[in-house]
Amino acid sequence: MSNVLEIKDLNVSSQGKEIITGVSLKLESGKIYALMGPNGAGKSTLANVLMGSPKYKIEKGKIILNGEDITNMLPNERAKKGLFLSFQYPSEILGVTLSNFLRTALNSISSKQMPVLEFHNLLKEKMKMLGMDSSFAKRYLNAGFSGGEKKRTEILQMMILEPKFAILDETDSGLDVDALRIVAEGIKKARTLETGILVITHYYRILEYLTPDVVYILSKGKIVKQGDKELAKNIEEAGYENLEVNNAN
Ligand code: ADP
Ligand code: MG
């Protein structure tokens, strides 16, 4: 089944300051979207608002998942509906293994509990796809994980949860080339007919491995351009300062 996430004329503020002004996007499963833009453009704000962060106020507009208005739903309800945001968990949890953490996360969004053995097989399979050693599952969550291991864990989490839409906010930041390639491969594997992925990034380099279906450029809270991989490349070469505003919406 294909899934659709629509953002309609979204206007968001925080503490009286306008951050997002009139963003409309339509995302479909089976596709990879890239959202690029300069620092402070509102990329993370948009990601957080999609997940229902209480820090922001929706002044106007709607978020609609498969025809259902989710604009005012709580974050855990959205997760159950199939939205996933990277970085949604504390960076380190003492005494909780990666395996336990992922199983709890999966059970918390599913209507029925997956038997332990079945879960371990699933975990093993996904870890293999990401080139992760199976002993890694017994490590305490994020304790002493390298930057690359943390990012890979986020991708693993996405692959286990199989969301309808995944929003990956700067999953590429701070990765060396090898880790970047593995994360990109993971994103490609996670993109299925049922799953759409929004990759938020400041840099072109991860897109080199991904080939997004659509690239959006966000600047000062507005989508100012829309294009393909070429646009992303040109933007990186020319810099964000030279952005000409043309109304892409
Ligand atoms: P990006 O991810 O594109 O770098 P952000 O969404 O983090 O941008 O931030 C956009 C703007 O909104 C910045 O000016 C930032 O300072 C401001 N902002 C973000 N979150 C908050 C908040 N919780 N309260 C007030 N201002 C915020
Ligand atoms: Mg950000």
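This is a predicted model: local features need pLDDT of at least 70, side-chain atom pairs count only at pLDDT 80 or more; totals for chains, interfaces and linings use all residues.
The structure holds eight salt bridges.

**T195 and its surroundings**
- T195 sits in the loop between α6 (177-190) and β8 (196-201).
- Its relative accessibility is 4%, so T195 counts as buried.
- A polar atom of the T195 side chain lies 2.7 Å from the backbone oxygen of P163.

- Side chains of opposite charge can pair when their charged atoms come close.
- K31 has 29% relative accessibility, so K31 counts as partly exposed.
- E28 is also at 29% relative accessibility and counts as partly exposed.

**Salt bridges between distant parts of the chain**
- The side chains of K81 and E68 form a salt bridge at 3.1 Å, N to O.
- This pair links helix α2 (residues 75-81), which holds K81, to strand β5 (residues 68-69), which holds E68; the two residues are 13 residues apart.
- K81 is partly exposed, at 29% relative accessible area, and E68 is partly exposed at 34%.
- D213 and R191 form a salt bridge, with their closest N and O atoms 3.3 Å apart.
- Here D213 lies in the loop between β8 and β9 (214-219), and R191 in the loop between α6 and β8, 22 residues apart.
- D213 is partly exposed at 38% relative accessible area, and R191 is partly exposed at 26% relative accessibility.

Definitions and conventions: Residues are numbered from 1 along each chain as its sequence is written. Chains are lettered from A and ligands numbered from 1 in the order in which they are written. Side-chain values use heavy atoms; hydrogens and water are left out. Helices (H or I, at least four residues) and strands (E, at least two) are DSSP runs, numbered from the N terminus. Buried means under 20% relative accessible area, exposed over 50%, partly exposed in between (1.4 Å probe, protein chains only). A polar contact is a pair of N or O atoms within 3.5 Å; within protein, one must be able to donate a hydrogen and the other to accept it, and residues adjacent in sequence count only if both atoms are side-chain atoms. A salt bridge is a side-chain nitrogen of Lys or Arg within 4 Å of a carboxyl oxygen of Asp or Glu.
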